[in-house]
Amino acid sequence: MNNKPYVRLDRDNAVVLLVDHQAGLLSLVRDIEPDRFKNNVLALADAAKFFNLPTILTTSFETGPNGPLMPELKALFPDAPYIARPGQINAWDNEDFVKAIKATGKKTIDYRWCGHRSLCCLPCTISHSRRL
């Protein structure tokens, strides 16, 4: 049983992480139509931009089969930290990614990534255990 009180998302203390929204990975999404998925990602990105939320972009092995980051995200956040991970599946294994999150000073993390739902468990557990 969870005894912690519900805490609303507070734009003054939140950071958005857009993880692995890459051309090769977008084509692997099967539980929603690819165009609809892409539009949902862009809608979230637009909302983050509208509310002036710090946003961090990261990719994994973009020179390989995962491909480049969605160009629309780079265009929307030209000044956002962009961490190109050299193949690390878990973004938390990349020191630059963790530093970028800590540099925001925010305590609420909104994860969004292109991949299977089960991949959510590890990053969420790590950020919670590190009290980020």
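User: Why is Asp20 called buried?

Analyst: The model is predicted, and the areas are computed from it. Asp20 has a relative accessible area of 10%. The label buried requires a value under 20%, so Asp20 qualifies.

User: What makes the pair of Arg85 and Asp20 a salt bridge?

Analyst: The side chains of Arg85 and Asp20 meet at 3.0 Å, N to O. The criterion asks for a side-chain nitrogen of Lys or Arg within 4 Å of a carboxyl oxygen of Asp or Glu, so the pair meets the criterion. Arg85 is buried as well, because its relative accessible area is 2%.

User: Where in the chain do Arg85 and Asp20 lie?

Analyst: Arg85 belongs to strand β3 (residues 82–85), whereas Asp20 sits in the loop between β1 and α1 (23–26).

User: How many salt bridges does the structure hold?

Analyst: There are four. Among them is the pair of Lys99 and Glu95, at 2.9 Å, N to O. Another is formed by Glu33 and Arg36, at 3.9 Å, N to O; this value is within 4 Å, so the pair counts.

User: Why are Lys99 and Glu95 said to be separated by about one helical turn?

Analyst: Both residues are in helix α4 (residues 95–104), and they are four residues apart there, which means a separation of about one helical turn.

User: How do you know whether Glu95 and Lys99 are exposed or partly exposed?

Analyst: Glu95 has a relative accessible area of 55%; exposed means over 50%, so Glu95 is exposed.

User: What makes Thr55 a buried residue, and what does Thr55 touch?

Analyst: Thr55 has a relative accessible area of 5%, and the limit for buried is under 20%, so Thr55 is buried. Thr55 is placed in strand β2 (residues 55–60). Not counting residues up to four places away in sequence, Thr55 touches Val16, Leu18, Ala48, Phe77, Ala80 and Pro81. A polar atom of the Thr55 side chain also lies 3.0 Å from the backbone oxygen of Leu53.

User: Which residues does Phe77 contact?

Analyst: Leaving aside neighbours within four places in sequence, Phe77 is in contact with Leu18, Ala45, Ala48, Lys49, Thr55 and Leu57.

User: Which members of the largest nonpolar core touch the most other members?

Analyst: They are Leu18, Leu57, Met70, Leu73 and Phe77, in a core of 17 residues. The elements giving two or more residues to this core are β1 (14–19) and α2 (34–50). The largest share, five residues, comes from α2. A second, separate core has twelve residues, including Val15, Trp92, Ala100 and Ile109.

User: What is the pattern of elements along the sequence, and what share of the chain is buried?

Analyst: The chain has five helices and four strands, in the pattern β-α-α-β-α-β-α-β-α. Buried residues make up 39% of the 132 residues in the chain.

User: What share of the contacts joins residues 24 or more positions apart?

Analyst: Such residues account for 76% of the contacts in the chain with a separation of 6 or more.

Definitions and conventions. Residues numbered from 1 in each chain as written. Predicted model: local features only at pLDDT ≥ 70, side-chain atom pairs only at ≥ 80, totals over all residues. Heavy atoms only, no water. Core = buried A, V, L, I, M, F, W, Y, C linked by side-chain atoms within 4.5 Å. Buried < 20%, exposed > 50% of the residue type's maximum accessible area, 1.4 Å probe, protein only. Contact = heavy atoms within 4.5 Å. Polar contact = N/O pair within 3.5 Å; in protein donor to acceptor, adjacent residues only side chain to side chain.
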